[in-house]
Amino acid sequence: MGFRTGTLVAATALVSLMAGAVAAQETPKQGGTLVTMLGQAPRNLNPAVQSGIVTGFPGTQLFAAPLRYDEDWTPQPYLAESWEVAEDGLSVTLNLVQNAKFHDGTPITSSDVAFSVKTIQENHPFKTMFAPVTEVETPDDHTAILRLSQPHPALMLAMSSQLMAIIPEHIYGDGQDPKAHDRNSDNVVGSGPFKLVEYKRGEHVIVERFDDYFIEGLPYLDRIVMRIITDPAARAIALENGEVDLATFESLPRIINRLKEVDGLTATPQGYGAIGPIDWLAFNTAEGPTSNVKVRQAIAYAVDRNFILNALMLGTASEARTGVHPDSPFYEPDVETYEVDLDKANALLDEAGFPVGDNGTRFGLTVDFGWPGVKPQVEYLKAALRKVGIDVTVRASADFPTWAKRVGGHEFDMTWDTVFNWGDPVIGVHRTYQSSNIKKGVIWSNTQQYANARVDELLEMAGKESDPAKRKALYSEFQKIVADELPVYWTNTLPYHTIYSDRVGNPPLGIWSSSSPLDKTYLK
Amino acid sequence: MNLARIILVRAAYAAGLLIAVLVLNFSMMHLAPGDVADTIAQSMGGADAEVMAQIRADYGLDRPFVVQLGSYVLRVLQFDLGYSFFYNESVSGLILSRLPATLLLVITAQILAIFIGVVLGVISARRPNGMSSHFVTLLALFGYSAPVFWTGILLLIAFSLKIPLFPVAGMVDVRIEGGFFVKAADIAHHMVLPVITLASIFIALYSRLSRATMMEVLGSDYVRTAKAKGLTTREIVYKHALKNALSPVITLAGLQLSAVVSGAVLVETVFSWPGLGTLAFQSIIARDTPTILGILFFSALVVIVGNLLTDLALRLVDPRLRGRA
């Protein structure tokens with residue numbers, strides 16, 4: 001808890017943590033069907049080849065990872081009963097649970113671990129997760145040694161949740177393209193607490209208890225039904241009238257606040273630290289007025305974070321001052337915060353060489369947005385920047401690809417966006433700021449085209465620093481620099497909430513939310 | 001000209017039209033900026049350049065437009081709609097698996113709407129200036145102008161939340177075990193709200209149409225003759241007038257049925273009904289080109305075949321149309 005900040009969220013999280021601890025003391029009951037929801041249809045159910053939170057929920061029920069995390073970001077044994085990181089940081093040894101079996105009864109061995117790492121390296125979109133892994137040695141059936149080209153502390157988080165699904169080599173190693181394997185969605189053979197009953201496209205995913213699960217006595221639930229309901233209003237009603245027991249990743253402030261008032265329901269923002277979703281305004285730092293750092297700072301001084309938090313997010317989100325999620329142990333709150341100051345904003349714009357013209361404006365900028373959820377922020381931006389003489393044109397996109405094409409192609413001035421941290425900063429934070437990741441045509445690369453040699457160096461060092469305290473110091477310096485130079489102006493966390501009924505015991509409130517096994521969840 | 005020849009000519013037109021539809025749809029999809037690699041990157045929380053290039057190569061999106069178009073049209077001509085980018089499944093399989101749910105919803109709603117619409121139309125036609133007539137007009141105006149997604153949400157709030165009579169979403173409750181009748185009753189239970197929502201637009205349409213034609217028919221000579229003959233109003237309205245007033249309604253119903261796919265998109269989305277509409281909506285969001293094109297092709301096919309059949313049926317029924325091309 002030492003790293004948590006004194007924000008409101010942390011306090012709420014603490015209270016619900018304690019509530020969770022009390023709930024955990026009740027004796028969990030065996031059996032029952034938990035009904036939950038997915039807001040979109042998953043492409044497939046195999047997290048080794050398909051990332052994303054929609055695949056994460058069913059994917060982590062079907063497939064186990066070597067590690068799991070508690071609420072305090074401490075790794076816990078899962079499929080690996082213990083692990084050692086070598087003194088020089090160049091190898092990690094996993095000692096697998098002896099009695100673990102896949103859903104078809106075959107024992108889970110170290111060669112499955114080696115196969116899974118290889119499959120993920122070749123097919124998973126997050127290349128940085130296992131990039132330094134040169135080889136996986138398998139001295140015996142229950143020992144896997146990951147050899148590294150450099151120390152790689154991000155590996156710990158990358159070995160948890162949906163990021164390292166252990167998949168059976170005898171099923172997925174049959175020569176088919178793993179991305180299009182015919183058993184990614186049907187007849188899945190997994191390693192996790194639940195096995196697949198059926199994935200009916202567009203309707204539901206149903207999983208049921210795996211009786212030979214390697215943790216004795218778990219899971220508690222007999223079945224989990226994940227209904228695919230894309231309409232947020234319909235999802236809210238389903239929670240209210242009790243048709244659904246649990247929902248994760250609900251993000252509409254108005255709906256969250258309404259559901260908070262409903263008797264028998266609890267809504268909490270706890271459990272999204274590792275997912276780490278942050279809303280931000282990104283700038284094109286290579287072209288146009290926003291290539292001038294003073295213009296970017298002026299914009300930050302003109303935008304009122306509190307208005308966004310209170311009026312637009314209705315108090316459901318928390319403040320994000322940097323590109324690292326406030327729940328992360330690496331978050332550095334002591335950075336320039338840009339409290340609203342219109343005089344300062346005007347002065348900065350004058351200094352930058354953009355005087356107010358005859359028509360009362362200094363210059364015009366466009367702002368894009370990729371999904372309807374952030375339209376209020378964009379409209380607010382237009383009003384806020386008019387006060388300092390910047391004329392903002394809002395460019396709506398017909399759909400996500402239209403927006404991705406513009407922003408990925410660097411044809412934008414500013415864009416409002418939501419980007420995830422995905423566990424370790426190496427996976428989800430570095431990509432936005434490293435100059436080596438300026439890649440035209442790739443969305444969520446360094447589309448700001450931001451380049452700072454010191455930032456590159458800090459991230460490079462932090463990526464391979466094994467000492468947690470030194471690593472934190474490196475990330476602190478990095479956060480201070482980018483907060484001064486503002487390739488991106490971070491405003492708030494996306495207010496993901498988990499909403500559950502009083503019937504649910506041990507809802508998934510760890511750092512990975514429902515991208516984690518629900519083997520300890522039960523129905524009262 | 002004989003009937004066989006007419007059928008042949010019509011079928012040839014239809015085939016040409018279908019190919020035109022294919023080319024047009026494909027070109028329009030291609031004009032939109034961005035592609036499925038972007039939406040796949042979105043669903044995965046990001047990707048790097050190599051992964052994006054791999055996705056484009058896997059789906060043949062890196063080839064020139066003309067080559068892509070040509071190979072698509074050739075494949076469709078061999079009755080192969082291709083594979084969904086999103087689900088990695090055959091598009092025809094996806095469409096066929098979703099079709100029954102949509103047909104069930106749309107046909108039920110149509111039958112309900114024709115029945116209620118015609119009854120309301122007749123009632124209001126009998127006393128065009130009475131209270132009931134004004135009520136029907138008001139109802140029709142409301143039904144026609146209220147957006148279906150709004151009507152749907154309103155019904156959900158009223159009858160799923162405030163008075164919890166009906167389920168919120170889906171077609172079946174997977175927790176319910178039982179035989180055929182239990183399952184059928186469960187589906188019927190889930191159908192009530194979506195069917196009412198979808199029917200509300202059509203009720204408006206049919207009631208206005210049947211009101212208008214009924215009033216016209218009631219003013220005609222043979223009705224006056226029937227009245228003079230001493231028949232009761234009831235007999236005149238239901239035995240003589242209604243039969244003739246119904247034919248435009250049936251023509252309209254035929255036309256509506258051929259638009260099976262498009263009509264239900266919004267209703268299906270609001271109620272998470274696992275039909276073609278939700279598939280279409282989701283495919284558009286995901287830029288799943290083969291699936292969108294497949295659904296569009298399928299709808300075009302349904303419309304063209306529907307029109308062809310209507311045309312032929314009218315020729316059989318109405319001697320005046322025979323012999324015209």
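1. Ser283(B) touches Asp288(B), Thr291(B) and Ile292(B), leaving out residues up to four places away in sequence; contact here means heavy atoms within 4.5 Å. Ser283(B) sits in helix 13 of chain B. Helices (H or I, at least four residues) and strands (E, at least two) are DSSP runs, numbered from the N terminus. At 2% relative accessibility, Ser283(B) counts as buried. Buried means under 20% relative accessible area, exposed means over 50%, and partly exposed lies in between (1.4 Å probe, protein chains only).

2. On the basis of the values: this is a predicted model, in which local features need pLDDT of at least 70 and side-chain atom pairs count only at pLDDT 80 or more, while totals for chains, interfaces and linings use all residues. Residues are numbered from 1 along each chain as its sequence is written, chains are lettered from A and ligands numbered from 1 in the order in which they are written, and side-chain values use heavy atoms, with hydrogens and water left out.

3. Chain B as a whole has 14 helices and zero strands. Of its 325 residues, 44% count as buried. The C-alpha trace of chain B spans about 85 × 65 × 40 Å along its principal axes. Among contacts in chain B between residues at least 6 apart in sequence, 71% join residues at least 24 apart.

4. How many cavities of 30 Å³ or more does the structure hold? There are six. A cavity is found on a 1 Å grid over the protein atoms alone, as a set of points where a 1.4 Å probe fits but cannot get out; lining residues have an atom within 4 Å of a point. Grid points are joined across faces, edges and corners, and a volume is the space filled by probe spheres set on the points. The largest cavity holds about 140 Å³ of space.

5. The lining of the largest cavity has 15 residues, and Gly202(A), Ile228(A), Thr230(A), Thr278(B) and Gln282(B) lie nearest its centre. Helix 13 (residues 276-286) of chain B gives the largest share of this lining, four residues. By type, the lining divides into eight nonpolar, six polar and one charged. In this count Ala, Val, Leu, Ile, Met, Phe, Trp, Tyr, Cys and Pro are nonpolar, Asp, Glu, Lys and Arg are charged, and the others, Gly among them, are polar.

6. Strand 10 (residues 223-228) of chain A has five of its six residues buried, so it is largely enclosed by the rest of the structure. Strand 10 of chain A runs parallel to strand 1 (residues 33-38) of chain A, and six bridges join them. In this pairing Val35(A) has Val225(A) as its bridge partner. Strand 9 (residues 204-209) of chain A pairs with strand 10 of chain A in the antiparallel sense, over five bridges; here Arg223(A) is the bridge partner of Glu208(A). Two strands pair if DSSP finds at least two bridges between them.

7. Helix 2 (residues 53-62) of chain A is mostly covered, with ten of its ten residues buried. Among them are Ile53(A), Phe57(A), Pro58(A) and Leu62(A). The cover over the buried residues of this helix includes strand 1, strand 9 and strand 10 of chain A.

8. Strand 17 (residues 488-493) of chain A is largely enclosed by the rest of the structure, because six of its six residues are buried. Strand 13 (residues 277-283) of chain A pairs with strand 17 of chain A in the antiparallel sense, over five bridges. One bridge joins Ile278(A) to Thr493(A).

9. A nonpolar core is a set of buried Ala, Val, Leu, Ile, Met, Phe, Trp, Tyr and Cys residues joined through side-chain atoms within 4.5 Å. Which residues touch the most other members of the largest core? They are Met159(A), Trp422(A) and Trp512(A), in a core of 110 residues. Helix 14 (residues 289-317) of chain B supplies the largest share of this core, seven residues. Apart from it lies another core, of 79 residues, including Phe363(A) and Trp490(A). Leaving aside neighbours within four places in sequence, Trp512(A) is in contact with residues including Tyr69(A), Leu157(A), Ile275(A) and Trp422(A).

10. Ser110(A) lies in helix 3 (residues 110-123) of chain A and, at 1% relative accessibility, counts as buried. Not counting residues up to four places away in sequence, Ser110(A) touches residues including Leu96(A), Asp140(A) and His142(A).

Conventions:
1 Å grid on protein atoms, 1.4 Å probe; cavity = no way out; pocket = protein on both sides within 12 Å on 5 of 7 lines; lining within 4 Å.
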